[in-house]
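Hello,

Here is the structure I promised to pass on to you. Please have a look at it first, and then read my notes below.

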Amino acid sequence: MQAALGASERALQRLVDARATVAEVLAEPPSVVAEPVSGAVAGAVVPRRTGDMAASVLAPDYQQILSVLESEAGREGMRCQQLAVALGLQAVPAKVEGLRSKAKRLVERGWALQVRPGVFTALAMPTV
């Protein structure tokens with residue numbers, strides 16, 4: 001009986017501690033949550049491009065892809081194997097397919113163009 005009573009008291013103490021923790025958390029003022037970037041898709045790291053949106057809103061991987069596509073080598077379009085080599089990655093299927101997925105996402109969101117099946121390039125930026 002003593003063992004059962006001791007176990008019950010420990011369980012009760014854990015519940016009391018948990019309740020106190022929950023009360024503390026609920027008593028804290030709500031934290032400020034940053035507004036998502038205009039045009040961003042929930043859970044996406046590539047927002048839809050609008051107006052004069054800068055590439056700096058993109059995740060670093062996507063910025064690197066765009067910079068290669070905007071370079072002299074990417075002006076005529078690049079296949080994903082070429083893109084992998086230009087980024088310093090091994091041209092193995094896993095890396096190439098990952099880049100293909102990211103390049104297609106950039107096309108879908110208005111950051112790049114697919115000029116032919118499997119060939120990607122940066123958007124032509126208007127000169128002002």
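Let me begin with a charged pair: aspartate 61 and lysine 102 form a salt bridge, with 2.9 Å between their closest N and O atoms. Aspartate 61 belongs to helix 2 and lysine 102 to helix 4, so this pair ties together parts that lie 41 residues apart in sequence. Do keep in mind that this is a predicted model. In total, the structure holds three salt bridges.

Lysine 102 has another neighbour worth a look: this residue lies over the face of tyrosine 62, at 5.7 Å from the ring centre. As for aromatic pairs, a search of the whole structure finds zero.

Now to the two helices themselves. Helix 2 (residues 60-70) packs against helix 4 (residues 93-108) at an angle of about 80 degrees, and their axes are 11 Å apart. That angle makes helix 2 roughly perpendicular to helix 4. On the helix 2 side, the contact is made by Asp61, Tyr62, Ile65 and Leu66, and helix 4 contributes Leu99, Lys102, Arg105 and Leu106. Sorted by class, the contact of helix 2 with helix 4 has five nonpolar and three charged residues, but no polar ones.

Best wishes

Key. Residues numbered from 1 in each chain as written. Predicted model: local features only at pLDDT ≥ 70, side-chain atom pairs only at ≥ 80, totals over all residues. Heavy atoms only, no water. Axes fitted to C-alpha atoms, helices over the stretch in contact; angles between N-to-C directions. Helix = DSSP H or I, 4+ residues; strand = E, 2+ residues; numbered from the N terminus. Parallel < 35°, antiparallel > 145°, perpendicular 65-115°, else oblique. Contact = heavy atoms within 4.5 Å. Nonpolar A, V, L, I, M, F, W, Y, C, P; charged D, E, K, R; others polar. Phe/Tyr/Trp six-rings, centres within 6.5 Å; stacked < 30°, edge-to-face > 60°. Lys NZ or Arg CZ within 6 Å of the ring centre and 35° of its normal. Salt bridge = Lys/Arg side-chain N within 4 Å of Asp/Glu carboxyl O.
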